[in-house]
Amino acid sequence: MKIENLTIKQVIKNYKELCSILEIEPTTGKSKQLQIQELERYCKYHKEGNKFVIDEIFQEVHAKMDKRKLGNNNDQAKCLRYLLCNLLSAYKIEQNEVIGFSKGLLLRKLNLINENYTSAKVQRSQYAEALEVSPMALDECIEYIDNRSINAVKKAMQVLVNQKVIGYKYSYTWVDHTGKHNHCCTLEHNCIMEAEFEVMEAMKIRCKGKIFEFGRWNEFKREVKLYLIDKYGDLFQKIDYYYASFHFNYNMEQLQKHMRYMETKQGLNFDKSKKGIQELWSRSLDTTIDNRFKKATTGTWGVGFYEIDNYRRSPKYKPEQKKLKNSIVKQDHPKVEFSEQITMDIDQIEVPF
């Protein structure tokens with residue numbers, strides 16, 4: 001690979017011409033991907049359609065990345081399952097009891113988000129301003145963190161269900177004026193679903209996640225509470241607030257036996273799983289960011305139909321998204337401070353499916 005044939009700001013019209021300049025054979029599939037990975041050790045480039053534009057030529061060759069040492073999605077899933085079992089093992093429930101977590105709290109306990117998530121989710125304009133990005137950039141980041149984190153947790157839970165380690169259901173928990181958390185019965189669950197549906201209809205919003213984006217979360221919660229009290233009276237008179245939650249039931253002996261299996265057969269423990277999730281999860285989201293940028297730039301370069309398309313293909317997309325992502329998921333990231341800091345507890349927000 002004749003890297004010396006490249007120059008900064010050089011525009012190469014396509015992959016075939018790139019191979020000719022580098023004096024390597026054009027190929028396809030996996031071999032082509034390996035060629036491109038090798039090229040990325042020597043220089044930095046971006047694509048404009050089929051064109052390669054050389055941005056920088058490194059003075060020192062970057063080391064090869066050994067993906068086997070770094071781990072993969074399967075390792076991430078194993079770490080997540082172990083952390084979930086470890087979390088539940090701290091709660092010694094009786095046979096007729098369940099333990100509940102809001103979706104936001106569960107994600108925090110599993111090291112998928114940090115304390116900045118609540119502020120970023122609810123006070124979007126202030127958070128975006130504090131990190132010097134647009135609200136659209138923050139909306140983009142929250143969207144894929146929400147979707148991917150919940151999907152990862154649901155898959156982990158389903159594997160444990162299939163292995164007969166735990167059982168769970170998705171429902172609501174309501175909190176009374178004394179601060180007591182009460183898991184909803186079927187009747188209460190259905191009443192809250194009805195209230196949310198009717199209020200969303202009145203607000204002309206179909207997707208619950210959009211309520212955050214439109215800055216109407218407090219209005220939504222207030223209207224749902226009024227609907228419940230007006231229609232169902234005494235059933236919800238004591239309600240202070242409610243939140244969506246996962247309710248778990250399990251046998252402690254089975255749970256601990258499965259943890260011992262993961263420790264002896266899979267080499268897992270709490271510290272290893274916690275560190276693994278922090279590294280693998282962040283890197284997985286980096287891949288999401290890179291893929292969205294690549295997808296946006298594979299077509300003809302120019303003005304897109306939607307504003308988000310133009311943002312995804314802009315040079316600032318990847319650095320902004322990785323900065324936002326790190327501020328929300330990195331466990332050692334400092335708290336993002338801004339005026340009128342939010343005081344809402346993480347139990348009072350929920351991550352939409």
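How many nonpolar, polar and charged residues does the lining of the largest cavity have? The structure examined here is a predicted model, in which local features need pLDDT of at least 70, side-chain atom pairs count only at pLDDT 80 or more, and totals for chains, interfaces and linings use all residues. Residues are numbered from 1 along each chain as its sequence is written, and side-chain values use heavy atoms, with hydrogens and water left out.

The lining of the largest cavity comprises seven nonpolar residues, one polar residue and no charged ones. Here Ala, Val, Leu, Ile, Met, Phe, Trp, Tyr, Cys and Pro count as nonpolar, Asp, Glu, Lys and Arg as charged, and the others, Gly among them, as polar. One cavity of 30 Å³ or more is found in the structure, and the volume of the largest is about 30 Å³. A cavity is a set of points on a 1 Å grid over the protein atoms alone where a 1.4 Å probe fits but cannot get out, and lining residues have an atom within 4 Å of a point. Grid points are joined across faces, edges and corners, and the volume is the space filled by probe spheres set on the points. The lining is formed by M1, Y15, L18, L22, I24, Q35, I36 and L39.

Axes are lines fitted to C-alpha atoms over the stretch in contact, and angles run from 0 to 180 degrees between N-to-C directions. Helix 1 passes helix 2 in a left-handed crossing, with the near helix turned anticlockwise from the far one by less than a right angle, whereas clockwise is right-handed. In this contact (heavy atoms within 4.5 Å), Y15, L18, C19 and L22 of helix 1 meet K32, Q35, I36 and L39 of helix 2.

Helix 9 (residues 186-203) and helix 11 (residues 217-232) pack at about 125 degrees, with axes 9 Å apart. Helix 9 is thus oblique to helix 11, and passes helix 11 in a right-handed crossing. Their contact residues divide into 11 nonpolar, no polar and six charged.

Terms used. Helix = DSSP H or I, 4+ residues; strand = E, 2+ residues; numbered from the N terminus. Parallel < 35°, antiparallel > 145°, perpendicular 65-115°, else oblique. 1 Å grid on protein atoms, 1.4 Å probe; cavity = no way out; pocket = protein on both sides within 12 Å on 5 of 7 lines; lining within 4 Å.
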